[in-house]
Amino acid sequence: MMSISIKSNSIVIPSEPTPSGLLQLSESDQVAQWTHAPAIHIYKSNNNNNNIPFSFEKMKNALSRALVHFYLLAGRLRWIEGGRLELDCNVMGVQISEAYADAKLDELGDFAPTGVVEDLVPKIDYTTPIEEWPLFLAQLTRFSCGGICVGTAVSHTMADGLSATNFINSWAKLARGCDLEDNEIPFLDRTVLRSSKRLMKLRFDHITYTTKSPLVIGSLDAKEEQKKETSVTLLKLTREQVEGLKNRANNETPYQENGVSTIRPYSRYEAISGHMWRCACKVRRVADHDNQPTRVRILVDVRNRLNPPLPQQYFGNAICATVTSTCLYGDLLSKPLGYSAGKLREAIETVTDEYIMSNLDFIASQKHVGGLRNSFHIRGLGTEAPFLGNPNLSLGSWMNLPVYDTDFGWGKPTYVGPGLLNMDGKSFILPSPLNDGSLIIAFRLQTQHMDSFKKFFYEDLAI
């Protein structure tokens with residue numbers, strides 16, 4: 001069994017003076033988890049002596065320079081009224097650790113976020129006051145084969161996936177000895193995603209927050225489902241399989257006239273997620289199977305959906321959570337793939353500029369936002385919000401994140417993925433390191449259903 005020893009822990013602060021004081025967060029920041037998002041970047045050695053040219057001091061110095069631009073991450077969060085948070089830009093710094101593993105990278109298999117991989121990302125003691133938590137942590141683990149894992153944990157409250165990726169890529173670029181271009185400097189003004197509070201009446205029914213997720217038929221709550229053992233897997237799709245799913249979804253869409261689709265073709269995300277939803281319905285057997293309700297939770301990037309659009313370098317949570325309408329297992333399984341893809345499309349297309357602003361107004365109107373945050377579990381600390389697992393799914397995407405641009409001077413990573421998947425029914429669709437159109441899906445499901453899910457997932461690709 002792999003053993004990891006921590007050689008040193010360091011606190012890094014910006015290399016130059018940065019603004020101080022309290023910063024109000026946006027409404028979309030307030031409903032993000034107050035935990036951290038863990039990720040791993042794997043680098044394998046290619047040179048003759050089997051050692052990546054690694055300097056811990058160089059990595060620390062580059063991180064210090066990156067924090068000049070991303071100085072918000074060097075601050076600390078603190079609780080305020082209504083279950084909300086604000087940022088104290090007090091330059092308490094981020095944490096970086098150097099570690100050593102007495103194993104080879106190949107011993108970790110496909111890097112699915114299991115217990116072994118979880119040890120490659122920094123740990124945060126969530127029983128301590130939130131004012132003590134670094135908002136960014138990194139663990140640089142060297143392996144006996146000469147390879148390296150850069151494990152990171154970024155505060156969900158501070159950054160969405162693209163923001164976190166831009167920060168880590170900026171750190172990597174500075175570590176290579178390059179300077180950041182003007183278009184790589186983060187946009188830090190979070191007032192653009194704060195509620196205007198200009199309307200007395202909400203324009204939409206925000207069912208993501210106002211309606212409860214469906215329960216398994218016959219259950220009064222999700223407590224029993226939460227207790228069930230879960231497993232995690234990585235599913236791999238070739239470019240041909242991805243294109244096959246897209247073609248099938250578009251050929252089987254119910255929106256046709258004279259055999260020709262009347263809508264924009266379904267995306268990779270819609271086709272793959274629609275397929276996963278149907279497979280999950282197949283394997284999650286219940287007594288009244290056809291009448292079991294289910295829905296999918298989706299996170300939508302709003303940068304290009306606002307009018308005017310946000311800068312691509314906006315640093316914060318520029319995302320909006322939405323859910324599909326509640327569907328029945330029987331309908332999802334009896335109707336073609338285009339039906340489930342269409343339900344996902346409907347949910348995504350509700351996220352317009354007007355809807356986003358209404359969503360911000362809704363969050364701002366709540367006396368307490370604790371119940372709006374995503375459900376999550378932290379080793380014994382419980383949950384804050386409704387369970388999003390069986391009979392439902394939460395399907396995220398990293399497909400458009402430039403995660404394979406993270407070159408610290410050792411070349412591009414050979415794998416990038418989540419360091420943790422903590423909930424039944426949670427998934428991320430990831431880009432492949434091959435850059436050939438293939439994809440990887442990280443997925444957690446109840447253990448009793450996993451083998452059947454994988455069987456149907458691949459068998460139904462050929463239909």
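Two residues are in contact when heavy atoms of each lie within 4.5 Å. The views below all show one predicted model.

Figure 1. Ser 394 belongs to strand S16. With residues up to four places away in sequence left out of the count, Ser 394 touches Arg 297, Met 423, Gly 425, Lys 426 and Ser 427. Ser 394 has a relative accessible area of 9%, and therefore counts as buried, the limit for that class being under 20%.

**Figure 2. The aromatic pair of Tyr 43 and Phe 408.** In the whole structure, a search finds 20 aromatic pairs. In this pair, the ring centres of Tyr 43 and Phe 408 are 6.0 Å apart and the ring planes stand at 75 degrees, so the arrangement is edge-to-face. Planes over 60 degrees apart fall into that class. Tyr 43 is part of strand S3 (residues 36-43), whereas Phe 408 sits in the loop between strand S16 (393-397) and strand S17 (415-418); the pair therefore ties together parts that are 365 residues apart in sequence. Tyr 43 and Phe 408 are both buried. Ring pairs also join these two residues with Phe 54, Phe 70, Phe 136, Phe 167, Trp 171, Phe 315 and Trp 410 in a cluster.

**Figure 3. The aromatic pair of Phe 443 and Phe 453.** The centres of these two rings are 4.7 Å apart and their planes are at 45 degrees, so the pair is tilted. Phe 443 and Phe 453 are both buried.

**Figure 4. Helix H2 and its cover.** Helix H2 (residues 56-69) has 14 residues, which should span 20 Å at 1.5 Å a residue; the C-alpha atoms at its ends are 21 Å apart, in agreement with that expectation. The buried residues of H2 include Phe 56, Met 59, Lys 60, Ala 62 and Leu 63. Ser 64, Ala 66, Leu 67 and Val 68 of H2 are buried as well. Among the elements that cover the buried residues of H2 are S1, strand S6 (94-101), strand S7 (136-143) and H4.

**Figure 5. Asn 166 in helix H4.** Asn 166 is located in helix H4 (residues 161-175). At a relative accessible area of 11%, Asn 166 is buried. Apart from neighbours within four places in sequence, Asn 166 is in contact with Phe 70, Gln 312 and Gln 313.

**Figure 6. The salt bridge of Asp 160 and Arg 303.** A search of the whole structure finds 20 salt bridges. In this one, the side chains of Asp 160 and Arg 303 meet at 3.0 Å, N to O. Asp 160 lies in the loop between strand S8 (148-155) and H4, and Arg 303 in the loop between S13 and S14, so the bridge ties together parts that are 143 residues apart in sequence. Asp 160 is buried, with a relative accessible area of 4%, and Arg 303 is buried at 1% relative accessibility.

**Figure 7. The salt bridge of Glu 184 and Lys 173.** The side chains of Glu 184 and Lys 173 meet in a salt bridge of 2.8 Å, N to O. Glu 184 is in the loop between H4 and helix H5 (207-210), while Lys 173 is in helix H4, 11 residues apart. Glu 184 is partly exposed, with a relative accessible area of 23%, whereas Lys 173 is buried at 14%.

Figure 8. Ile 11, Ile 13 and Val 91 form a nonpolar patch on the surface, and together they have about 230 Å² of accessible area. Ile 11 is in strand S1 (residues 4-12) and is partly exposed, with a relative accessible area of 48%. Val 91 occupies the loop between strand S5 (84-89) and S6. Val 91 is also partly exposed, at 31% relative accessibility. Phi of Val 91 is near 55 degrees, a positive value in a residue other than glycine.

**Figure 9. Two cis peptide bonds.** The peptide bond from Asn 307 to Pro 308 is cis, with omega near 0 degrees. Pro 308 lies in the loop between strand S13 (296-301) and strand S14 (319-323). Asn 390 and Pro 391 are likewise joined by a cis peptide bond, with omega about 10 degrees. Pro 391 is found in the loop between helix H11 (353-365) and S16.

Definitions and conventions. Residues are numbered from 1 along each chain as its sequence is written. This is a predicted model: local features need pLDDT of at least 70, side-chain atom pairs count only at pLDDT 80 or more; totals for chains, interfaces and linings use all residues. Side-chain values use heavy atoms; hydrogens and water are left out. Rings of Phe, Tyr and Trp (its six-membered ring) pair if their centres lie within 6.5 Å; planes under 30 degrees apart count as stacked, over 60 as edge-to-face and the rest as tilted. Helices (H or I, at least four residues) and strands (E, at least two) are DSSP runs, numbered from the N terminus. Buried means under 20% relative accessible area, exposed over 50%, partly exposed in between (1.4 Å probe, protein chains only). Patches are made of residues with over 30% relative accessible area and no salt bridge: like charges are joined within 9 Å, nonpolar side chains (Val, Leu, Ile, Met, Phe, Trp, Tyr) within 5 Å. Accessible areas come from the Shrake-Rupley method with a 1.4 Å probe; for residues, only the protein chains shown count as cover. A salt bridge is a side-chain nitrogen of Lys or Arg within 4 Å of a carboxyl oxygen of Asp or Glu. The expected span of a helix is 1.5 Å times one less than its number of residues.
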